[in-house]
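Please look over the sequence and the model below before reading the notes that follow, which are grouped by topic.

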Amino acid sequence: MAGVSVQFNPNPSLNFKLQFRSSFNQRKQLFSISPPTRKIRGRNGGNLGMGAVCATHNFDVVVVGAGIIGLIIARDLLLRSNLSVAVVDAAVPCSGATGAGQGYLWMVHKTPGTEVWDLAMRSRKLWQLLADNLQDQGSDPLEALGWKKTGSLLIGKTEAQLNQLKSRVQQLSMAGIRAEYLSNNDLAIREPELAINQQSGAAFLPDDCQLDAHRTMAFIEKDNRLFLSQGRYAEFYHDPAVCFIRSNGKGKIDGIKTQKNTLYGRKATIIAAGCWTGSLMDKLLQNSDIVLHVPIQPRKGFLLALENFNNLRVTHGLMEAGYVDHQKSVISASDKVDSNEALSISMTVTRDASGNLLIGSSRQFAGFNTELDTFIVDRIWERAQDFFPSLKEFSVKNLSEQMNVRIGLRPYMPDGKPVIGPVPGITNLFIASGHEGGGLSMALGTAEMVTDMILDNPLQLDCKPFAVEGRCC
Ligand SMILES: Cc1cc2nc3c(=O)[nH]c(=O)nc-3n(C[C@H](O)[C@H](O)[C@H](O)COP(=O)(O)OP(=O)(O)OC[C@H]3O[C@@H](n4cnc5c(N)ncnc54)[C@H](O)[C@@H]3O)c2cc1C
């Protein structure tokens, strides 16, 4: 295992040297399309050096967190209003969960009729529109976003699972999604390398798509930066938010103080800090009389990315049926894993736009720890071998040169729904976080909802299920 390389996600809780080194390496790879400035940019495009004294800037909206949620909210606001927007991050884009994301926008494991379904469906439509628009403008969505229409397969291996998959296909069809049940023979034709027996079958969604989180983030950044010259956009990276600005009275937020800057947000301040949202809000509100606790927790996940691995042919995005309810696929902990950190592993496999084979994934509550754990890597590999016997010819050790382990902290909300909306009793403060394992797939719908709330537009979806009120206290 010694040679396995780890794509750390530098977050505020990590050792500083490590954070800088890893984020620098990530940025080289991440922004090959549009390299970011390594200096902090002021609103008017002026570069404020890293050691600059605290400066004051005025914007309409300040977004805290440059993960997929924060960056795409900024993009939506820039495109659909004339407001100016600043984005603040403790590190850089893709340094949180987003950088580890597998990129599937699949609907096969989501359940029609749930509130999250509506948000994911709306986002799916908006992602498709974005991909179509790019195509119409002569750009290749595969190049720009890593966009691939792979279709998705949710694979069952027991009679009980097959029965569930059959009713899932019915449910999905009734909800307007093209869905098909595949018997073991049909499945073998679609994915010949999959281990298949009498008890195998799958739900198949031929129209499901995926994107590449890193390409998509670079694309969004490039779009946002088109507004730099108009003075409508600025980025403040490596500059964590430290406290709210509350100039007049108790019930209004006027912006954010970061370690290096004072950023006024005339119309709104949006906290989109992923799994750090709860602890950050506690910190930002600590000297106030406001009682609000956002119960978002980090849920650690590993994804194995194999470069130039052509020994396995997979045509679709695949996911085991157990993924639908990760809580159920808890495996017994070994002495390597603390017994109270319930670990679950569910097989997912797909090939990304660069040809990497992505094999996932784990779920675990381990605080803000982002360390590599070879025990988990081995379990993910074994789980994939159960589904693809040809992988048994390879060990993690043999593949160490080709294998990157992506580690990220999903923002987990105990009730399984993101928190999106204004904070009651505090004017101009919004939260957009808690998307757990679906932040990429729900991003565009979330951004649309937040923008419409800020602009006082009618909403496309019912926002009540995602409200702060009643869920954060
Ligand atoms: C292994 C794995 C696979 C996944 N696969 C998929 C998938 O296939 N499809 C899908 O839809 N989702 C997937 N996800 C989930 C998805 O990645 C997350 O839901 C999504 O990235 C969350 O985005 P975010 O912007 O809320 O958080 P993050 O990406 O974590 O961004 C939060 C940002 O806030 C910043 N921040 C923290 N504190 C501060 C502060 N004090 N001041 C300023 N900034 C701060 C951080 O530096 C970070 O950049 C996966 C996740 C993992 C871990």
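How many residues does helix α9 have, and how far does the helix reach from its first C-alpha to its last? Helix α9 (residues 374–387) has 14 residues and reaches 20 Å between those two atoms, close to the 20 Å expected at 1.5 Å a residue, the expected span being 1.5 Å times one less than the number of residues. Helices (H or I, at least four residues) and strands (E, at least two) are DSSP runs numbered from the N terminus. This is a predicted model, in which local features need pLDDT of at least 70 and side-chain atom pairs count only at pLDDT 80 or more, while totals for chains, interfaces and linings use all residues. Residues are numbered from 1 along each chain as its sequence is written.

**Helix α9**
- The buried residues of α9 are I376, V377, R379, I380, R383, A384 and F387, where buried requires 20 or more other C-beta atoms, placed from the backbone, within 10 Å of a residue's own.
- Seen down the axis of α9, these residues fall within an arc of 165 degrees, so they line one face of the helix; the arc is that of the directions from the helix axis to the C-beta atoms.

**Residue G438**
- G438 lies in the loop between β19 (429–433) and α10 (439–455), and counts as buried because it has 21 C-beta neighbours inside 10 Å.
- Leaving aside neighbours within four places in sequence, G438 is in contact with V116 and A120, contact meaning that the C-beta atoms, placed from the backbone, lie within 7 Å.
- G438 and P411 are 27 residues apart in sequence and 9.6 Å apart in space, C-alpha to C-alpha.

Notes. Buried ≥ 20, exposed ≤ 12 C-beta atoms within 10 Å, placed from the backbone. Contact = placed C-beta atoms within 7 Å.
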